[in-house]
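Try each task before you read its solution.

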Amino acid sequence: MKVNLSPRLMYQSFLHLALAVLAAEVIVLSTQNDKISTALMRMSIKPLSQGDSLQFGVVLPLDSSDSVSDSVRQLIFTFTTSCPYCEKIIPHWRDFAKTASKNGIRVLALCLDGPQKKLELMDYVRKHHIDYPIYIVRDPVEFRKQVRIQGVPQTILRSSVGLVEKVWSGALTDEGIS
């Protein structure tokens, strides 16, 4: 028995087969997407928020006369020397540092560049006339994970008992700190 297929019937058969293959691909890709989304949600880091404990771990003072004190409220500026937004808010930070002591708040900065960039950081401090204490995070990658810092600049108000009172992400102005 010989089946005679017209070109039109062959074309329609091909389209049906292609449609079935594409439908199977959609199902496979959708399943993979669900698995990846679930895995990413498990890996995502919850941002630092009010009430979280904030411990510094190992930080090195840029000036050896400084020491981190856990017994006072602190306004902490996290930055890197390569961040243009961090550089933009330095004038505001100088103003905050001048007025914060009147309110019993100590202003300090944590540089997330790592100790290998200490000389570059010292130049940065001189260039921008920074006069509040700066600490260098010994292991920036581990610190970011531990403290859950997702980007810089980030400003953190820390209580005298080491709890986060408030977190500001991004550029900060006088209006933003209130």
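**Exercise 1: Around strand 2**

Work out how strand 2 (residues 73-79) is joined to strand 5 (residues 154-158).

Step 1. The two strands run antiparallel, with five bridges between them. Strands here are DSSP runs of E, at least two residues long, numbered from the N terminus, and two strands pair if DSSP finds at least two bridges between them.
Step 2. Within strand 5, Leu157 is the residue opposite Leu75.
Step 3. Now turn to strand 3: seven bridges link strand 2 to it, and this pair is parallel. Here Leu75 has Val107 as its bridge partner.

A word on the source: this is a predicted model, where local features need pLDDT of at least 70, side-chain atom pairs count only at pLDDT 80 or more, and totals for chains, interfaces and linings use all residues. Residues are numbered from 1 along each chain as its sequence is written, and side-chain values use heavy atoms, leaving out hydrogens and water.

**Exercise 2: On to strand 4**

Step 1. Strand 3 and strand 4 (residues 134-137) run parallel, joined by three bridges.
Step 2. Ala109 has Ile134 in strand 4 as its bridge partner.

**Exercise 3: The whole sheet**

Give the strand order.

Solution. The open sheet has six strands in the order 1-4-3-2-5-6, with mixed pairing. Strand 1 (59-61) and strand 6 (164-169) are the edges, each pairing on one side only.

Terms used. Helices (H or I, at least four residues) and strands (E, at least two) are DSSP runs, numbered from the N terminus.
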